[in-house]
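Here's a quick tour for someone meeting this structure for the first time. Take a look at it, then read on for the main points.

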Amino acid sequence: MSVLMRDEAQARAQFLDVQRYTIDLDLTVGEESFDSRTVIRFTALADGDTFVELKPATLRAISLDGHPLDPADLTENRFPLTGLTAGPHELHVDAAMRYSRTGEGMHRFTDPTDNETYVYTQLFMEDVQRVFAAFDQPDLKSVFDLTVTAPEGWTVLGNGIGRHTGDRRWTLAPTPPISTYLVAVAAGPWHSVTTEHAGLPFGIHCRRSLAPHLDADADEILDITRACFDRFHEKFDEPYPFDSYDQAFVPEFNAGAMENPGLVTFRDEFIYRSAVTDTERQTRGMVIAHEMAHMWFGDLVTLAWWDDIWLNESFAEYMGYQTLAEATRFTDTWVDFGVARKGWGYDADQRPSTHPVAPDPAAVPDTASAMLNFDGISYAKGASALRQLVAWLGEKDFLAGINTHFARHKFGNATLADFIDNLASATDRDVHAWADQWLRTTGVDTLTPHVTEADTTWSLTVDHHGTRPHRITVGTYDHTIDTQSGPDRLVLRDRFDISVPHDDSAQDGPTTRPGRRPALVVLNDNDLTYAKIRLDPESWNTVLDGLSGIPDALTRAVVWNAARDMVRDGELAPATYLEAARTHLPHETDLALLQGVLAFADTQIAARYVTPEDRPAALATLTALNRDLIRRTEDGTHPGLRLIAVRHLIDAATQPDTIHGWLTDGTVPGGPELDPELRWRILTRLAVLGATDETAIATELAADPSATGQEGAARCRAALPTPEAKAAAWQAMFTDDSLSNYLFTATAQGFWQPEQTDLLTPYVPRYYPDATALAVRRGPAIAEAAGRYAFPAYAIDADSLHRGEQALTDQGLIPALRRKLTDQIDDLRRALTVRNAH
């Protein structure tokens, strides 16, 4: 396949003006393919040649201005249009297109629960070519007019309001000018809940088998949707630019969600069929807010080329967290961002694959390289940069600049330069210099406090390792007398703002405050900047005794992140982090913090940063910690906290008896009763420990034959510690190509287990050639899954590192797999460094 080069796109944008696509899709012709007939009306602005993109199963016919063209001229995904004269043209394309099982193009899914079939599009970056012919680049916006033929009993959703016109035909209202990658269709026997708000039809949709679970949460989902919609209209001068707002929760979706105008698609794990914590509900709310923000930033105003993807994602990420906090009951969203999301940005920014938030255009020469930048930098770091910008600029001026941006570029395209110019128009501050320092640089700054004490004052200086200016809040805390048992309690003494210089040599001098030095000094106390934070020695001693006694959850998140970064940098022993968790998490009240710290302790420290010899002790610490949490909630209070503890106790189990008893009884003593998620979680861990078998897995699958049950069974089967199970899983992943994207991921998640080293060692050298060949055959989505989930992450040794480094020299790696392997191998190198440091 030919990827689109930036210079090709720029030339084509200057050559063409595209007015309208008329698209007719027929979804009734079979299970493998669908028919796609497209008429493109466009104007050539000069005499010359160009091309249209298409990835058909069969190109039946193509004509230009009524003259037939030869379908055999299609080369890979491009059909040449030569000898165009300046003026209007009309291109007709008739093709059969393949359904996808990888979440790309037109994905087709049959629900194992009731055998109902659903299809939906995911056209991001360059997958529109899998559905209809297109001039596929974001700055050739057009009106899209779609008609869909669907099986009887189906509903067809799209960017505009759909009407059933009879004889299985659906007509979707023409769109305003949008980019090709934003066109959306979702068809099937949907279960729908509809309403109206602000004069517009709103709807939420899911598979019929999930109907009871959607209905249970429909009020919450729609309340959040309405609240965020209203809040965005208070922030933005431009009204919502489309004719309806549908949210479809679709199966086997690769991303969290996709911001198709008028029809946002979400992964349908957000329709909860098992118990979840309030933090998980908050995450769903944040994604709803994030995608709605895209209706303005991304859909109304769209990037001109993919080097500016951060303009979409960083803005939506920032607005998602901020608006949810302002408009709903989820007022502590930035705690979750700090402990769960921000580390994604920090980690990505310290790998060899790091890039600026706004990369140099030369670094994104084509669509393949652009796809690699959908990472923690474009999302979490970019959102952090915007949060710092708002702290520095003020929200009033920030929103004024944003509204100028919308007004100047609505239904068009814009660049970083446009965005910065529009922000600068609203303030006297030097936004261009800020952008150069924050958006054009890579890496994470580190801020280290130095505290000194005189007779009646204390002073703070900040050692700044990095290049960016920071406006931060310093929080100071003292011990307080508390008769409660448990860790020391701390009380806020003061918060004050300081500016940290943007070079390593200059300092404005110490900040001097009255009184004795505080017991704890926390830089970036309200987490408004993006930097690694360190603590002075006395503050660190205070934290070890009193971390859970810090009164504000966001401050605790900053401190936990500091500890996390110190472990990753080899400055803090993993065992010390675990002991801090053991001491303080039993007293933690914030669920996002609890989930985030336990996740790092489980998936990084116990699984990677401690040696195999020390893993049992790490798991024993986690088990004791989770038992403490379960005991704390025996009175029925804090069900979310109890659920987190039960999940992590299952994952840390080294002996099967307790969790096997839970599975047999169908409940944890004192609750909760085991829902499907917990049953599959226990069965997976029993499989790892060799304490279950195929018969038990098949029995569980018979009781839960849902799509999630199919994934659970695949995960369990791959986790069984037998040569036959491992061989079968490997064959399914890397040879027969029959697994969907979700079943591939589930199988990969079960395969590699630290407890099964002897059984798995022969597969480590097989991984690299097999993954390379798989990525070439099945494409970027499966390549990303193979690099992320099927990588032998448990194998932390010099030999594995050497094999990985050698694999990166293979010129046959497709970009998606190369990027994932680059990151995984760097993480492996870091894990080795952490082990050797302690």
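C716 sits at 0% relative accessibility, so it counts as buried (buried means under 20% relative accessible area, exposed over 50%, and partly exposed in between, using a 1.4 Å probe and protein chains only). C228 is buried too, with a relative accessible area of 0%. Keep in mind that this is a predicted model, where local features need pLDDT of at least 70, side-chain atom pairs count only at pLDDT 80 or more, and totals for chains, interfaces and linings use all residues. Residues are numbered from 1 along each chain as its sequence is written, and side-chain values use heavy atoms, with hydrogens and water left out.

**Cysteines**
- A disulfide is a covalent bond between the sulfur atoms of two cysteines.
- With a disulfide taken as a pair of cysteine sulfur atoms within 2.5 Å, the count here is 0.

**Nonpolar cores**
- The largest nonpolar core has 259 residues, and F398 and L439 have the most contacts inside it. Such a core is a set of buried Ala, Val, Leu, Ile, Met, Phe, Trp, Tyr and Cys residues joined through side-chain atoms within 4.5 Å.
- Helix α14 (residues 591-609) gives this core its largest share, 11 residues. Helices (H or I, at least four residues) and strands (E, at least two) are DSSP runs, numbered from the N terminus.
- Leaving out residues up to four places away in sequence, F398 touches F315, Y318, M319, L386, L389, V390, L393 and L423.
- There's also a second, separate core of 14 residues, and L447, I472, V474 and F496 are among them.

- All 6 of the 6 residues of strand β9 (residues 117-122) are buried, so the strand is largely enclosed by the rest of the structure.
- In a regular strand the side chains alternate between the two faces of the sheet.
- In β9, T117, V119 and T121 point one way while Y118, Y120 and Q122 point the other, and all are buried.
- Strand β8 (residues 105-110) runs antiparallel to β9, joined by 6 bridges; two strands pair if DSSP finds at least two bridges between them.
- H107 stands opposite Y120 in β9.
- β8 and β9 make a hairpin with 6 residues between them, and N115 in the turn has a positive phi of about 65°.
- β9 also pairs with strand β14 (residues 185-188) in the antiparallel sense, over 2 bridges, and here Y120 stands opposite A186.

**Salt bridges**
- Side chains of opposite charge can pair when their charged atoms come close.
- The structure holds 67 salt bridges, each with a side-chain nitrogen of Lys or Arg within 4 Å of a carboxyl oxygen of Asp or Glu.
- One of them joins the side chains of E326 and K235 (3.0 Å, N to O). E326 lies in helix α4 (residues 309-327) and K235 in helix α2, so the pair ties together parts that are 91 residues apart in sequence.
- E326 is partly exposed at 29% relative accessibility, whereas K235 is buried at 6%.
- D349 and K381 meet in another one (2.8 Å, N to O). D349 is in helix α5 (residues 333-349) and K381 in helix α7 (residues 377-393), so parts 32 residues apart in sequence are tied together.
- D349 is buried at 3% relative accessibility, and K381 is buried at 1%.

Terms used:
Contact means heavy atoms within 4.5 Å.
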